[in-house]
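Here is a briefing on one chain. It covers the fold, a pocket, the domain contact and the salt bridges.

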Amino acid sequence: MVGKLLLRGMLAGLIAGILVFAFAHIFGEPLVDAAIAFEEASAQATGETAEPEIVSRATQAGLGLFTGVMAYSIAVGGLFSLAFAFVHGRFSSLSPRGTSAVIAIAAFVAVVLVPGIKYPANPPAVGNPDTIGVRTELFFLMIVVSLASLVAAIALSRRLGDRFGLWNGAIIAGIAYLVFIGFVLYLLPPINEVPENFSAMVLWRFRTTSLGMHAILWATLGLVFGVLAERGLAARSGLRPAFR
């Protein structure tokens, strides 16, 4: 059954990838073009030689974007299905669609929202090439800490639930998660390499568009995979899906 769930997760990722690509191409690429234009203007003002274009901008915004988004979305969909296979039926009595929705929300918070608070997405022309290694390490460190903290909070919630009740245990664990994450955000070094004359509107719209792309991805995975998983599990048990 895990193999069938994996295929369903990849299919959900495929559907999510198409939606994310359409959103990114319509709303994100014009912002990338604006950032590239700023970068080129800054280079000309300082007399720097423009770097040769290895891949055309049209290819980057079309086939390149589509390939990257689809590969990422399908891979995440597969990982999502494996997480579902591990969680469903072991830690709660939620339906397949309920379990899928909870996993999607938790993953969005831990993988996207929390790391993005400390290290938000930046368009081209923002960031020093010499610090890209450090910035990447800090970003992935934030993701790992956030995921580990979420898992610990869930485990704490289950323990506290036996003593104080399900809702009280979840609230206490949630507060503990927020306090710990706030402490981590305070300790990790900030990174601010935005040029002084870079458009604040372009920066803001780029970051909100990036957040929107991830929201579409995880929302689609949570909803579509939940339906597909419910169908598969119902067929396996000989029951009719609830939505039919």
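Helices (H or I, at least four residues) and strands (E, at least two) are DSSP runs, numbered from the N terminus. This is a predicted model, where local features need pLDDT of at least 70, side-chain atom pairs count only at pLDDT 80 or more, and totals for chains, interfaces and linings use all residues. Residues are numbered from 1 along each chain as its sequence is written, and side-chain values use heavy atoms, with hydrogens and water left out.

**Fold**
- The chain has six helices and zero strands, in the order α-α-α-α-α-α.
- Its C-alpha atoms fill a box of roughly 70 × 40 × 25 Å along the principal axes.
- An automatic or database domain assignment sets the domain bounds. The chain splits into domain 1 (1-123 + 196-243) and domain 2 (127-193).

**Second largest pocket**
- A pocket is an open set of points on a 1 Å grid over the protein atoms alone, where a 1.4 Å probe fits, with protein on both sides within 12 Å along at least five of seven lines; lining residues have an atom within 4 Å of a point.
- The second largest pocket has a volume of about 1600 Å³ (the space filled by probe spheres set on the points, which are joined across faces, edges and corners).
- The lining has 38 residues, and Val-102, Ile-103, Ala-106, Leu-150 and Ile-154 are the closest to the pocket centre.
- H2 (57-87), H3 (96-118), H4 (132-164) and H5 (166-187) each supply at least two lining residues. H4 gives the most, with ten.
- By class, the lining has 30 nonpolar, six polar and two charged residues (nonpolar: Ala, Val, Leu, Ile, Met, Phe, Trp, Tyr, Cys and Pro; charged: Asp, Glu, Lys and Arg; polar: the others, Gly among them).
- Domain 1 and domain 2 both give residues to this lining, so the pocket lies between them.

- The centres of domain 1 and domain 2, taken over C-alpha atoms, are 20 Å apart.

**Salt bridges**
- A salt bridge puts a side-chain nitrogen of Lys or Arg within 4 Å of a carboxyl oxygen of Asp or Glu.
- The whole structure has two, with zero between domain 1 and domain 2.
- Glu-230 and Arg-97 form a salt bridge through their side chains (3.1 Å, N to O). Glu-230 lies in helix H6 (residues 200-237) and Arg-97 in helix H3, so the pair ties together parts 133 residues apart in sequence.
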